[in-house]
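Hi,

Here's the structure I promised to pass on. Have a look at it first, and my notes follow below.

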Amino acid sequence: MRILYFLLFIPFASSAQNNTVDYSAALTVINSFDSTQKAISVFSFDEMSRYDWNYLPASLIPRKGVCLKDLDSTQKANIYSLLRSFLSDKGFSRTMDIMNNEYYLKELEPDMIHRIPENYFIAFYGTPDKDSIWGWKFSGHHIALNFTIVDNKLAFTPVFFGVYPAEIKEGQNKGRRIIKEEEEIGFELINMLTSEQKLKAIFQSKAFNDIVTTNSIQVGPLDPVGILGKDLTPEQKNVLNRLIVCHLSSMPTEIAEIRMKRIVSEDFNQIRFGWAGGLVKGVPHYYRIQGKTFLIEFDNTTHNANHIHIVWRDFNGDFGVDLLKEHYKNSKHHHKHKRQ
């Protein structure tokens, strides 16, 4: 019943069984680059910069790769097609909305030197192929997407999205919220808890200024704070489930399914939901959801609680570490039998 309970809420096609990756879109991007562009954007898979990631403006923290603003319209279109093939419709729309928000920020803060539209970078690691090990990343202000492909299986984390302003307060775009559901469902859950439950869930009165793990290359479980799933009512568990699914919804369908099934295989009762800060919009707030293998962080604290950051981390799977271990283990086993 637990599996049925979880899968009931997954808004993805349940028929997808194979985690297949379309590498042709990546090859199209690479083949559109000239020799100079390839030299700065295509690296060996073992290049250590594959593990570097950030969500600050690229003018503050330089990125590896080719910059979107330096490409022609065809090359840009190829990159958008690649993004679309590795993200859900929601994830692709969110990515484009965050990039386009840089034009709004440039109007909002014309004297800020770091407001540079299309200042996003793409880099490849290894050669895209059906049976190869390779990866790619797309990064800039408020976007960090890291994809690793091993034996045609895809690892998606770390994945980060952010937005400022979280809600536009005036002008023709008044009311626009690029990241909305993750905040609203979070508020719904914390405010449906009883006073006794809130004593467990709210682990500090002041929110953090940012996600706690920032841009760490590798993360492990944080302090076991917050309320356990076993201490929630069925209705509250439903909302927590919706919140996890919401955070998964930018991922490709197959990856979201696989990731959710992994969560199902854990003990849902041991997942923790922790909150810090205010319980209403406009007051700095932060929450985290932590299971045995994953961590979700959300914060809306700076700029008068109008600046959102969200991240999904896999303790053993960021940058495809778990897939690579499995690959090398199987390869060693295969070669051992070949020698025999």
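A quick definition before the strands: two of them pair if DSSP finds at least two bridges between them. The strands themselves are DSSP runs (E, at least two residues), numbered from the N terminus.

Also, this is a predicted model, so local features need pLDDT of at least 70, side-chain atom pairs count only at pLDDT 80 or more, and totals for chains, interfaces and linings use all residues. Residues are numbered from 1 along each chain as its sequence is written, and side-chain values use heavy atoms, with hydrogens and water left out.

I've been looking at S5, residues 143-150. Eight of its eight residues are buried, meaning under 20% relative accessible area with a 1.4 Å probe, protein chains only. Ile143, Leu145, Phe147 and Ile149 point one way from the strand, while Ala144, Asn146, Thr148 and Val150 point the other way.

Now for its partners:

- S4 (residues 134-140) runs antiparallel to S5, with seven bridges joining the two. Trp136 sits opposite Phe147. The two strands make a hairpin with two residues between them, and His142 in that turn has a positive phi of about 70°.
- S6 (residues 153-155) pairs with S5 in the antiparallel sense over three bridges. Here Leu154 is the bridge partner of Ile149. This hairpin also has two residues between its strands, and Asp151 takes a positive phi near 50°.
- S7 (residues 159-163) is antiparallel to S5 too, through three bridges. Phe161 in S7 stands opposite Ile143.

Cheers

Definitions and conventions:
Buried < 20%, exposed > 50% of the residue type's maximum accessible area, 1.4 Å probe, protein only. Helix = DSSP H or I, 4+ residues; strand = E, 2+ residues; numbered from the N terminus.
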